[in-house]
Amino acid sequence: MNDRTAPFAQNPLLDFSDLPLFDAITPPLVAPAVDELLQQANVALEKVTAQDFPADWRSISLALDVPTERLSRAWGAVSHLNSVADTPELRAAYNEALPRVTEFWTRLGADERLYAKYKSMNPAQLTAEQARAHHNAMLGFVLGGADLQGKAKERFAWLQERQAELAQKFSENALDATDAFSLYATPEELDGVPDDVLQATAAAALAEGKEGHKLTLKMPCYLPVMQFAHSSPLREKLYRAYATRASDQAGGEAVKFDNAGIMGELLALRHEEARLLGYRHYADVSLVPKMAESPEQVIAFLRDLGHKARPHAEKDLADLRAFAAGQLGMPDPQAWDWPYIGEKLKEARYAFSEQEVKPYFTAPKVLAGLFQIVETLFEVAIRRDQAPVWNPGVEFYRIERRGPQGAELVGQFYLDPAARTGKRGGAWMDDVRARWLRPDTGSLQTPVAHLVCNFAEGVNGKPPLLTHDDVITLFHEFGHGLHHMLTQVNERDVSGISGVEWDAVELPSQFMENFCWEWDVLKHMTAHVDTGEPLPRALFEKMLAAKNYQSGLQTLRQVEFSLFDMLLHSQAEPPTSGDAILALQQEVRDEVAVLKPPAYSRTPHTFSHIFAGGYSAGYYSYKWAEVLSADAYAAFEEAAQQNGHSTLDVATGRRYRQAILEAGGSRPAMDSFKAFRGREPSIDALLRHQGMA
């Protein structure tokens, strides 16, 4: 079948009757669907920008938002598959269509005729939701280059396309460099590594007809080997491969994935974009729609946090050094030794190991426990549901609320928990579609979300086992999902996570993490994989005692990443060579870090958040939002103290749901926070939660 002639009637990407037909989307269908949807969107854009078309919110929404929403839903499905089920054919189809899709959105965002229509609307005649969406749209036009003319406008459009292309290539290189590496180890070399990891690595080797154990750089394999393998030479091999991914330091063939040139070009293009728009640098542009007021304010916030955390980090490191020398006979630890030393000290100090905890966290039990918390706190019900999926391991669910007519559908979500080849690393939540009172049908479209993780699969017919960190990750992504799905806002551009300031969007996700440290909550979501026994209280107390273990070092690491990102994007002239980028990173390390990696380490080369993931000059958002989330959770702790029950306080949950989750992006995040807490946020709860008060 010719790429461009797939019959429309049979193209699942053009079926918007309900959920995406993920099991039927194939690479040859991408181009014809994108062509058709772009044509419809272009016709709509010409229609609403005609002189006689009314500058009326509802009219524009009906004529333009309906076809553009279809384009973004179809392209969202393709992008999603590109992230979770990458194949050479799909990647080619995605990359072929990407410039055309980017060009359309860039042109739409810079269309001065459409901008003029929005300018002539009177926000006082709009609903509160529409007025907020209008405010965001006006900001979007300015940042989208709508005020630019002639050559400057053409250049701006080219900059957007080129940046999209480079970000995609950065992401591909990071994935390919990770997937390209494997190392076959003997059972002797893996002495100390947990059984479930040994079983999985042996099975991986066997599947390729090899002896021994196949090791990869994917987290479910890499991290436990670094933490538990007694062999320092083996850890060094893995560490070097991991730390040099997608760089000039990678060995042999893998050097073709070097991201240095891409990083330099991206930084130069972002800087040029900022100057075209009349800003000093890209950090200024990035912060316009965020809560933080200026790069200087963010840098001061980060340095202050780093200053507060430093004494704790220095103590963490001194403890590690003393333990390594005194107990492990390692007077001069290297970079690849720290995770191992850290795990051994934790076992010695708190008399427990992550591996002791892991058998209690079986994926089905954890999920049931998470659902129970959400159902209790937010007065909803979660049920299994049916939908076409892209992999047999994907599950689909619906969230319902009791209404006057019985159960009402609130939202739905896909859960894709397992790591596999062709799926990019990390964990994320993404929207499939938003809640929207549709102008074309008058019916309410309910929100749908993707929740994606990269956990180890179960072995020998047993359910997957999660580390406690995995549990926290799952809760984090579910928090994002709740923000998207529990919204009660009917205006698409400000419903759920849409329109929420980027540095506040982590509040609901980080908020949910706190429940992973509550005994009343945890005891219901654990069952030993072999005996079914719940997590013993004594073991939980050890985990709790170890909760802030190395929190000083961890905080400094986040400050280092955030400060590097902000300084990278706020230079008068950005660093555009790999060497200059690394030199800036070294400056930040010299200022902030107490633990420094070897000279060959190339962390920026796989820093996808800022080079391919929308967090450029925004990585600080994690720490910024943590202040908000810790303070929000403190309200539940206060309720627990007052009523003598657990933090699962329904009245406080209802207030939180209504003030923050249901409001979505329909008002400034600070207004939502104040509606819940009755005041502005304070950093005290964060420092207390991290043992640094």
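Begin by selecting N173 and displaying its surroundings: beyond its neighbours within four places in sequence, N173 is in contact with A246, F257, D258, N259 and I262. The model is a predicted one. Now colour helix 6, residues 150–180, in which N173 lies. Is N173 buried or exposed? With a relative accessible area of 3%, N173 falls under the 20% cut-off and is therefore buried.

Next, select helix 15 (residues 363–378) together with helix 16 (residues 468–485); their axes come within 11 Å and cross at roughly 40 degrees. Helix 15 is therefore oblique to helix 16. The crossing of helix 15 past helix 16 is right-handed. Show the side chains on both sides of this contact: helix 15 contributes V366, L367, L370, F371, I373, V374 and F378, which meet V471, L474, F475, F478 and L482 of helix 16. Sorted by class, the contact comprises 12 nonpolar residues, with no polar and no charged residues.

Finally, turn to the strands. Select strand 4 (residues 395–403) and strand 5 (residues 406–418), which pair in the antiparallel sense over 9 bridges. These two strands form a hairpin, with 2 residues between them. Centre the view on L415 in strand 5, which stands opposite E395. L415 also stands opposite L451 in strand 9.

Technical notes. Residues numbered from 1 in each chain as written. Predicted model: local features only at pLDDT ≥ 70, side-chain atom pairs only at ≥ 80, totals over all residues. Heavy atoms only, no water. Helix = DSSP H or I, 4+ residues; strand = E, 2+ residues; numbered from the N terminus. Buried < 20%, exposed > 50% of the residue type's maximum accessible area, 1.4 Å probe, protein only. Contact = heavy atoms within 4.5 Å. Axes fitted to C-alpha atoms, helices over the stretch in contact; angles between N-to-C directions. Parallel < 35°, antiparallel > 145°, perpendicular 65-115°, else oblique. Left-handed = near helix turned anticlockwise from the far one by under 90°. Nonpolar A, V, L, I, M, F, W, Y, C, P; charged D, E, K, R; others polar. Pairing = 2+ DSSP bridges.
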